[in-house]
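Open the model in your viewer and keep the selection panel at hand. The stops below go from a pocket to the core and then to ring contacts.

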Amino acid sequence: MSFNPWGLLFPLLFAVGLYALVRAIGSLLRLTGTAIVARVPARSGERLQVPAGRYHLCVEGRSFSLDFLGVDYALHEAGGEPVRIHRKYLSRTKVSGFGSTRISTGWFELSRDSELSLSVQGLSAQAQQRCWIVVQRPIGAGIAIRVVALVLGGFAVIGGLVGSARVWLLP
């Protein structure tokens, strides 16, 4: 039996792909967890401390629920001036877990640190108990990079596994 370099390269490709997958998943979880600046129940009168900068405004609730259908919400600065929220229609980010989903619905920008007041209309009392309004840093580009890393890592794992099986099991 002669030495076949593919017998070494395919397992190495599998190991590198598996390492990339683990790192990309961990990085994605850290990114979505550390992006949150403020998270309050979806009730009128809640206060949010938000530093100056650009942020996404997100709604968070149960997966596959219609809790936010027809709900109107707004943010106001301490003096009562409304914060202009630019609605997002095409480039919404969505972070889902087993029981909850967070969807970016708009973005706003603050020129100074502010205490914001939340105003919510049209949300049922039961939904107010299980729904949240979240202010987070923009993470769309970070998610896209990590998804590419996940896809490439997946290709490497599958290619390494199939290639190893081909080299070792077939003549």
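Start with helix H1, which gives the most to the lining of the second largest pocket, with 4 residues. Helices (H or I, at least four residues) and strands (E, at least two) are DSSP runs, numbered from the N terminus. This is a predicted model, in which local features need pLDDT of at least 70 and side-chain atom pairs count only at pLDDT 80 or more, while totals for chains, interfaces and linings use all residues. Residues are numbered from 1 along each chain as its sequence is written, and side-chain values use heavy atoms, with hydrogens and water left out.

Stay at the pocket. Select Leu 28, Leu 29, Thr 32, Val 95 and Ser 96: of the 14 lining residues, these lie nearest its centre. At least two lining residues each come from H1 (6–34), strand E6 (94–96), E7 and helix H3 (140–169). A pocket here is an open set of points on a 1 Å grid over the protein atoms alone where a 1.4 Å probe fits, with protein on both sides within 12 Å along at least five of seven lines; lining residues have an atom within 4 Å of a point.

Next, select Leu 48, Leu 57, Leu 75, Phe 108, Leu 116 and Val 135, the residues with the most contacts inside the largest nonpolar core, which has 23 residues. Such a core is a set of buried Ala, Val, Leu, Ile, Met, Phe, Trp, Tyr and Cys residues joined through side-chain atoms within 4.5 Å. Buried means under 20% relative accessible area, exposed over 50% and partly exposed in between (1.4 Å probe, protein chains only). A second, separate core of 5 residues includes Ala 35, Val 95, Ile 139 and Ile 143.

Now take Phe 108 with Tyr 55. Their rings form a tilted aromatic pair, 6.0 Å centre to centre with 40 degrees between the planes. Rings of Phe, Tyr and Trp (its six-membered ring) pair if their centres lie within 6.5 Å; planes under 30 degrees apart count as stacked, over 60 as edge-to-face and the rest as tilted. Tyr 55 lies in strand E3 (residues 53–62) and Phe 108 in strand E7 (residues 100–110), so the pair ties together parts 53 residues apart in sequence. Phe 108 is buried at 0% relative accessible area, and Tyr 55 is buried at 5%.

Move to Gly 53, also in strand E3. Gly 53 is partly exposed, at 21%, and its C-alpha is 6.4 Å from that of Ser 111, 58 residues away in sequence.

Finish at Arg 54, whose charged end sits over the ring of Trp 107, 3.7 Å from its centre. The criterion is CZ of Arg or NZ of Lys within 6 Å of the ring centre and within 35 degrees of the ring normal.
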